[in-house]
Amino acid sequence: MKHLKQLSIKHQIWAGYASVFLLSLIITVTALSQLNAKNLTADQTQQTWMLLIILIAISLVISLLAAYINSKQICNIVVDINDSMQKMSSGDFSISLNEKRFGEVGEIAGNLNVFAKRLHSMVSEMQSAIQD
């Protein structure tokens, strides 16, 4: 179970897309087996094919929506980290990133927070040593 948590964000996102695709594939195979198992009229066959096309289109829309939401979240995280790094480069070490984000991003945020605190402590010690 530990190795599952260590999957990169990219792999987790692709696993989500793959699960949506597999779900639509299972629905399609199930519907096709129903078509083959029954003697359907031409209208029923056409309706079944339309239903399959609609289900595939819905799964595609869900996948694209998930891709948009995930990419937006990742971009927001990168922007937060970039803003914090810019603050640190200007001498403001009072940053605090959300460490509760999942996986590697939470680790990066936590490490950046620790880095900022240690750097702030070292700068404060140097300033007090210079004043003495």
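I looked up burial along α4 first, and in this predicted model I found Val-105, Gly-106, Ala-109, Gly-110, Leu-112, Asn-113 and Ala-116 buried (under 20% relative accessible area, with a 1.4 Å probe and protein chains only). Helices are DSSP runs of H or I with at least four residues, numbered from the N terminus. I noted that α4 has 28 residues and reaches 40 Å from its first C-alpha to its last, close to the 40 Å expected (1.5 Å times one less than the number of residues).

I then checked how α3 lies against α4: their axes, lines fitted to C-alpha atoms over the stretch in contact, come within 12 Å and cross at roughly 10°. The two helices are therefore roughly parallel to each other (an angle under 35 degrees, taken between N-to-C directions on a scale from 0 to 180). The contact (heavy atoms within 4.5 Å) is made by residues including Ser-84 and Met-85 of α3 and Ile-108 and Phe-115 of α4, and its residues divide into ten nonpolar, one polar and no charged.

Leaving aside neighbours within four places in sequence, I found Phe-93 in contact with Met-88, Ala-116, Leu-119, His-120 and Val-123.

For the record, residues are numbered from 1 along each chain, and side-chain values use heavy atoms, without hydrogens or water. Local features need pLDDT of at least 70 and side-chain atom pairs 80 or more, whereas totals for chains, interfaces and linings use all residues.

Terms used
Angles under 35 degrees count as roughly parallel, over 145 as roughly antiparallel, 65 to 115 as roughly perpendicular and the rest as oblique. Ala, Val, Leu, Ile, Met, Phe, Trp, Tyr, Cys and Pro count as nonpolar, Asp, Glu, Lys and Arg as charged, and the others, Gly among them, as polar. Buried means under 20% relative accessible area, exposed over 50%, partly exposed in between (1.4 Å probe, protein chains only).
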